[in-house]
Amino acid sequence: MNTPNNQVTLNQMISIFSGISVSHGQIKSFYCGEIENYNDLLTIYPLMYVHYDSSISKLHETEMQFSVFVMDRLETDFANENEVYSDTLQIVLDIKSILKY
């Protein structure tokens with residue numbers, strides 16, 4: 001999976017994020033790109049949205065920066081607000097844990 005010098009490509013990182021979304025029990029949809037280009041009205045939530053922010057090349061490594069969002073639907077009367085906050089926070093912590101180890 002790694003390129004020479006143990007570098008991971010941008011496409012490999014996107015694949016890693018996509019794999020996390022597929023294997024996670026709660027995430028139902030995944031999108032990577034510009035959010036204004038996302039218009040899937042049939043999205044099943046929670047959605048994991050990844051945005052590539054930038055890269056910094058160093059002597060022996062490249063640091064990539066991403067923004068990761070987990071989104072869920074909020075009922076119009078906000079009855080599920082605490083559940084949405086709790087679930088999306090737990091999903092973000094799971095993603096962080098998977099990437100860390």
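This is a predicted model: local features need pLDDT of at least 70, side-chain atom pairs count only at pLDDT 80 or more; totals for chains, interfaces and linings use all residues.
The structure holds two salt bridges, and K58 takes part in one with E61, where the side chains meet at 4.0 Å from N to O. K58 also forms a salt bridge with E63, with the closest N and O atoms 3.5 Å apart, and in this way K58, E61 and E63 are linked in a network.

## The hairpin of β2 and β3

Strand β3, which covers residues 62–71, pairs with β2 in the antiparallel sense, and the pairing runs over 10 bridges. The two strands, β2 and β3, form a hairpin that has four residues between them. As one example of the pairing, S54 has Q65 in β3 as its bridge partner.

## Aromatic pairs

Across the whole structure, a search finds five aromatic pairs. One of them joins Y31 and Y49, whose rings are stacked, with 5.9 Å from centre to centre and 15° between the planes. Because Y31 lies in strand β1 (residues 29–32) and Y49 in strand β2 (residues 47–57), this pair ties together parts that are 18 residues apart in sequence.

Y31 and Y49 are both buried, and they belong to a cluster in which ring pairs link Y31, Y38, Y49 and F69.

Note on methods
Residues are numbered from 1 along each chain as its sequence is written. Side-chain values use heavy atoms; hydrogens and water are left out. Rings of Phe, Tyr and Trp (its six-membered ring) pair if their centres lie within 6.5 Å; planes under 30 degrees apart count as stacked, over 60 as edge-to-face and the rest as tilted. Buried means under 20% relative accessible area, exposed over 50%, partly exposed in between (1.4 Å probe, protein chains only). Two strands pair if DSSP finds at least two bridges between them.
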